[in-house]
Amino acid sequence: MSRVLSPHPKDPTRMSEPTDTSGIAGYWDRYAAGIAEETREEALKDAFGWCQYAGHGPGNELLGDPLTTLELGFGRGNAVAALATKGIEATGIDVSPLQCEHAIARWGHLTGAHFVQAEATAYLNDATRQWDAIYSIWGALWFTDPDVLLPLVHERLIPGGRLVFSHAPPVPGAYGVQGMYADGFRGRQVWVYRWAYEPEGWAALLRKHGYTGIEARVEPAPQPDLLGTLIATAHRPR
Ligand SMILES: C[S@@+](CC[C@H](N)C(=O)[O-])C[C@H]1O[C@@H](n2cnc3c(N)ncnc32)[C@H](O)[C@@H]1O
C-alpha cells in the first residue's frame, strides 16, 4: 500500500497531518506477537503500574476510587484484569486484534473485565456513555494526536472524573509529533506516530482542553541513571 501526502496548507516544509490510522493495527499485532507469555499469577502480580519497572512507582490509587474505568491501549489486559478483581467495572480498548484475542482468552472469565478491539479516537467518538476514570499506560494516549484525543476523553469522563496516563519522558529538545516507520525501511509505507512533551507541555495541553487539577511530572527510575516515567493526572471539572 503506498500513500500520497499533500503539502501542509500553511507550511510547505511540512506535509499532511498525521491523522491516518489505517496501518497501525498490523504494527501493534507484530508488537503483540513479540510479548513473552506469563502465567496468570505472574501477570496479576504488579499488574497495575505506570512505570516500566515492575513494582516501582504509584499504582491504581492515582485513579481515585472509580466504579467504572476505561483503558486506552490495554496491551496484555493485565491492568484491566487487576481492576476487575477489585470489583471495578473495567473496560479496555486496543487497536490490535491479537492483543484483544489474547486478553479475552486470558481474562475474559473475570466478571467486570471487558475488552474491545477498537482504535481509541473511533471508539470515543462512537461512545455514548461516560466513565469515572479513563487511563492509558504507555498506551493509545501516547500514540494519538492530543488535540484530537484530549477533547474526546474529556467528553467521556463524568464531571469530576479523572484522566491518568504515563509514557516515556521526551528526548530533550524533540517535542511534538514523532514518526516511526512501522514496517521497517524495506517494508510497506506504514507510519506510527507518537507525541512527546515535557510535563509542562502536557499541563498546557490539558489546560487548553478544559482539564483542571492537573499534575504532570517525571517519576524517577529506581536508579538515578535510568530513564524515569512521565505521569500525568487531570480532571474534568465538576
Ligand atoms: C506500548 S503498548 C502498552 C500496552 C500496555 N498498556 C502496557 O502497559 O503494557 C501500546 C498499546 O497501545 C495500543 N494502541 C496504540 N495506538 C492505539 C490506538 N490509536 N488505539 C487503540 N490502541 C492503541 C497498542 O496496540 C498497544 O497494545
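Okay, so first thing to keep in mind: what you're looking at is a predicted model.

Let's start with the ligand. There are 20 residues around the ligand, and the closest are Gly-73, Asp-94, Glu-119, Ala-120 and Ile-137. Which element gives the largest share of that shell? That's helix H1, residues 24-33, with 3 residues.

Glu-119 puts a polar side-chain atom 2.8 Å from a nitrogen atom of the ligand.

A quick word on the annotation. UniProt, in an unreviewed entry, lists residues 70-161 as "domain: Methyltransferase". In the model that span is 38% helix and 28% strand, and its end C-alpha atoms lie 11 Å apart.

Next, aromatics. The structure holds 14 aromatic pairs. Take Phe-48 and Tyr-135: the ring centres are 5.4 Å apart and the planes make 50°, so we call that one tilted. Phe-48 comes from the loop between helix H2 (40-44) and strand S1 (68-72), while Tyr-135 is in strand S4 (residues 131-137), so this pair ties together parts 87 residues apart in sequence. Both Phe-48 and Tyr-135 are buried.

Another pair is Trp-138 with Trp-142. Here the centres are 5.4 Å apart and the planes are at 90°, so this one is edge-to-face. Is Trp-138 buried or partly exposed? Trp-138 counts as partly exposed, because its relative accessibility is 25% and the buried class stops at under 20%. Trp-142, at 9%, counts as buried.

Last bit, the cysteines. How many disulfides do we get? With sulfur atoms required to be within 2.5 Å, the count comes to 0 disulfides. As for where cysteines sit, Cys-51 is buried, at 12% relative accessible area, and Cys-100 is buried as well, at 6%.

That's my tour, thanks.

Note on methods:
Residues are numbered from 1 along each chain as its sequence is written. This is a predicted model: local features need pLDDT of at least 70, side-chain atom pairs count only at pLDDT 80 or more; totals for chains, interfaces and linings use all residues. Side-chain values use heavy atoms; hydrogens and water are left out. Buried means under 20% relative accessible area, exposed over 50%, partly exposed in between (1.4 Å probe, protein chains only). UniProt positions are given in the numbering used here, feature names are shortened, and annotations may be inferred rather than shown by experiment. Helices (H or I, at least four residues) and strands (E, at least two) are DSSP runs, numbered from the N terminus. Rings of Phe, Tyr and Trp (its six-membered ring) pair if their centres lie within 6.5 Å; planes under 30 degrees apart count as stacked, over 60 as edge-to-face and the rest as tilted. A residue is near a molecule or strand if one of its heavy atoms lies within 4 Å of it. A polar contact is a pair of N or O atoms within 3.5 Å; within protein, one must be able to donate a hydrogen and the other to accept it, and residues adjacent in sequence count only if both atoms are side-chain atoms.
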